[in-house]
Amino acid sequence: MLGEGIFTQDGRPWKHSRELLRRQFVRINFKDLSTFDRHVDDLVTGLSSSDGVIDLQPAFFRFTLATTTALIFGEPDSRLGDEYHETFASSFDYASMISAIRLRLADLEWAYKPKAFRRACDVVKSYASHFVHEALDAQRSDCSSPSTESQALILDLYAELKDPDLVRDQLVHVLIAGRDTTACLMSWTL
């Protein structure tokens, strides 16, 4: 699922990925945070409409996946439809779970690669690739400036890496970090 990126690299490639992403996040720090309003509202509405004991971690995983995708891809493309976004979310969850299992297998990770895992990874990569190609197409149609602020991360990564697949892989790494780390932090703080 991961491809080439900060979590799968060592030495110089890791240092390059880290510097590349660090520069992007410095720029994102000053971004208008109102893009997260809808996601916060969805989280609060979901939690307030529940009765009894609530397992917060799944809600936090949904919230952080939505905010991270909004941050790196812009708001999800409505032309893809809610069902496609849900398929992506469930595929991302499954691929993340199997990746964690494979990580524990260390040198034997090659022995555990279920067909459903490969399909889930394909869905995740396809989803990220869609946004990469959409940003590149928009840039080609208007070469004078980046198409939108929401695509600036993708376009900046492409300007540095010159390969849509490497951009996609870096974005998947950011998705993992943004979703899992933040959701766990939110769960542990409560």
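A: In this predicted model, the buried residues of α5 pack against α3 (56–73), α4, α6 and α7 (164–189).

Q: Which residues of α5 are buried?
A: A residue is called buried when its relative accessible area is under 20%. In α5 the buried residues are Phe117, Ala120, Cys121, Val124, Tyr127, Ala128, Ser129, Phe131, Val132, Ala135, Leu136 and Ala138. One of them, Cys121, has a relative accessible area of 6% and is therefore buried. From C-alpha to C-alpha, Cys121 lies 8.8 Å from Tyr94 in space, although 27 residues separate the two in sequence.

Q: What span does α5 reach from its first C-alpha to its last?
A: The span of a helix may be compared with the one expected at 1.5 Å a residue. With 27 residues, α5 reaches 38 Å, which is close to the expected 39 Å.

Q: How many helices and how many strands does the protein chain have?
A: The protein chain has seven helices and zero strands. Read from the N terminus on, its elements run α-α-α-α-α-α-α. Of the 190 residues in the protein chain, 36% are buried. Among contacts with a separation of 6 or more, 71% are between residues 24 or more positions apart.

Q: How many aromatic pairs does a search of the whole structure find?
A: Rings are taken as a pair if their centres lie within 6.5 Å. The search finds three aromatic pairs. In one of them, Phe88 and Phe92 have ring centres 5.8 Å apart and planes at 45°, so this pair is tilted. Both residues belong to helix α4 (residues 82–104), where they are four residues apart, about one turn of the helix.

Q: Are Phe88 and Phe92 buried or exposed?
A: Phe88 counts as buried because its relative accessibility is 2%. Phe92 also counts as buried, at 0% relative accessibility.

Q: How are the rings of Phe88 and Tyr127 arranged, stacked or edge-to-face?
A: Planes under 30 degrees apart count as stacked. The rings of Phe88 and Tyr127 have planes at 10° and centres 3.8 Å apart, so the pair is stacked. Phe88 lies in helix α4 and Tyr127 in helix α5 (residues 115–141), so this pair ties together parts that are 39 residues apart in sequence. Tyr127 has a relative accessibility of 2% and therefore counts as buried.

Q: Which residues do ring pairs link into a cluster?
A: The cluster linked by ring pairs consists of Phe88, Phe92, Tyr127 and Phe131.

Q: At what angle do helix α2 and α3 pack?
A: Helix α2 (residues 37–48) and α3 pack at about 165°, and their axes are 10 Å apart. Angles over 145 degrees count as roughly antiparallel, so α2 is roughly antiparallel to α3. The crossing of α2 past α3 is right-handed. On the α2 side, the contact is made by His39, Val40, Leu43 and Leu47. The α3 side contributes Leu56, Ala59, Phe60, Phe63, Ala66, Thr67 and Ala70.

Q: Where is the place of Gln151, and with which residues is Gln151 in contact?
A: Gln151 is found in the loop between α5 and α6 (152–161). Its relative accessibility is 9%, so Gln151 counts as buried. With neighbours within four places in sequence left aside, Gln151 is in contact with Glu134, Ala135 and Ala138. Of these, Ala135 and Ala138 are among the buried residues of α5.

Notes: Residues numbered from 1 in each chain as written. Predicted model: local features only at pLDDT ≥ 70, side-chain atom pairs only at ≥ 80, totals over all residues. Heavy atoms only, no water. Phe/Tyr/Trp six-rings, centres within 6.5 Å; stacked < 30°, edge-to-face > 60°. Helix = DSSP H or I, 4+ residues; strand = E, 2+ residues; numbered from the N terminus. Buried < 20%, exposed > 50% of the residue type's maximum accessible area, 1.4 Å probe, protein only. Contact = heavy atoms within 4.5 Å. Expected span 1.5 Å × (residues − 1). Axes fitted to C-alpha atoms, helices over the stretch in contact; angles between N-to-C directions. Parallel < 35°, antiparallel > 145°, perpendicular 65-115°, else oblique. Left-handed = near helix turned anticlockwise from the far one by under 90°.
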